[in-house]
Amino acid sequence: MSVIGRIARRLGYRGWQQFTQVHVRAYRASRGRIGRKWQGAPVLLLDHVGRKSGKHMTSPLIFGEDGDDLILVASFGGAPRDPFWWPNLKASPETTVNVYGDVRRVRARQASPDEKARIWPKMVEIYAPYADYQQKTSRDIPVVILERA
């Protein structure tokens, strides 16, 4: 089991949400000096709006770069369903991200199969557990491209 999985199980859902919100506050307050890495991988803050609730949310997520684009992996630790932020982005793809204090407007889209084939190995290099997550689930884990808006 991954470190994230062990932490999540130990904290439970409510505890994990509290941990995440502390991470978000520290990241924002320090302009990314605190919370900029998770197990050595770079982290950004993704803003999104609940597709059902309309609630504004922020998720700290591992990211990569592909030219001017930012790359996310909707792995949810290899769970059989997508992480909640991905359907939210599909419903409202224009949003903002915070990368080390630099807030930018972006538009999210799913990578095409050819793009995913090119980008996936880079993301596994950034965060090796992604390969295990894909083996763990039968769903095709989406690669999400954030293009400058």
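Mentor: Before we start, the bend at a residue is the angle between two axes, one fitted to the seven residues ending there and one to the seven starting there. Please also keep in mind that this is a predicted model.

Trainee: Thanks! At which residue of helix 3 does the kink lie?
Mentor: Look shortly before proline 121, a residue placed in helix 3. The kink there is about 35°. The residue where this kink lies is isoleucine 119.

Trainee: How far does helix 3 reach from its first C-alpha to its last?
Mentor: Helix 3 has 14 residues. At 1.5 Å a residue, 20 Å is expected, and the model comes close to that. From first C-alpha to last, helix 3 reaches 20 Å.

Trainee: Is proline 121 buried, partly exposed or exposed?
Mentor: Proline 121 has its place in helix 3, and its relative accessible area is 47%. Buried would need a value under 20% and exposed one over 50%. Because 47% falls in between, proline 121 is partly exposed.

Trainee: Which residues of helix 4 make the contact with helix 3?
Mentor: On the side of helix 3, the contact is made by Lys116, Trp120, Met123 and Val124. Across both helices, the residues divide into 5 nonpolar, 1 polar and 1 charged. The partners from helix 4 are Tyr130, Ala131 and Gln134.

Trainee: Which residues of helix 3 are buried?
Mentor: What covers them includes helix 4 together with strand 4 (64–66), strand 5 (69–73), strand 7 (102–110) and strand 8 (143–148). Lys116, Trp120 and Met123 also take part in the contact with helix 4. The buried residues are Glu115, Lys116, Ile119, Trp120 and Met123.

Trainee: Let's turn to the loops. Is aspartate 140 buried or exposed?
Mentor: Aspartate 140 is found in the loop between helix 4 and strand 8. Beyond its neighbours within four places in sequence, aspartate 140 is in contact with Lys116 and Gln134. Its relative accessible area is 54%, and the cut-off is over 50%, so aspartate 140 is exposed.

Trainee: And serine 75, is that residue buried or exposed?
Mentor: Serine 75 lies in the loop between strand 5 and helix 2. Neighbours within four places aside, serine 75 is in contact with Pro83, Tyr130, Tyr133, Arg139 and Ile141. With a relative accessible area of 6%, under the 20% cut-off, serine 75 counts as buried.

Trainee: What separates the C-alpha atoms of serine 75 and proline 129?
Mentor: Along the chain, serine 75 and proline 129 are 54 residues apart.

Trainee: Which residues does arginine 51 contact, leaving aside its neighbours within four places in sequence?
Mentor: Arginine 51 lies in the loop between strand 2 and strand 3 (56–62), and is partly exposed with a relative accessible area of 44%. Its C-alpha is 7.4 Å from that of proline 87, a residue 36 places away along the chain. Leaving those neighbours aside, the contacts of arginine 51 are Phe84, Pro87, Asn88 and Ala91.

Trainee: What is the value of phi at glutamine 39?
Mentor: Glutamine 39 is found in the loop between strand 1 (37–38) and strand 2 (41–49), and is partly exposed at 43% relative accessible area. Its phi is positive, in a residue other than glycine. The value is near 50°.

Trainee: One last one: where is phenylalanine 76 found?
Mentor: Phenylalanine 76 also has a positive phi, near 50°, in a residue other than glycine. Its relative accessible area of 37% makes it partly exposed. Phenylalanine 76 is found in the loop between strand 5 and helix 2 (85–91).

Note on methods: Residues are numbered from 1 along each chain as its sequence is written. This is a predicted model: local features need pLDDT of at least 70, side-chain atom pairs count only at pLDDT 80 or more; totals for chains, interfaces and linings use all residues. Side-chain values use heavy atoms; hydrogens and water are left out. Contact means heavy atoms within 4.5 Å. Helices (H or I, at least four residues) and strands (E, at least two) are DSSP runs, numbered from the N terminus. Ala, Val, Leu, Ile, Met, Phe, Trp, Tyr, Cys and Pro count as nonpolar, Asp, Glu, Lys and Arg as charged, and the others, Gly among them, as polar. The expected span of a helix is 1.5 Å times one less than its number of residues. Buried means under 20% relative accessible area, exposed over 50%, partly exposed in between (1.4 Å probe, protein chains only).
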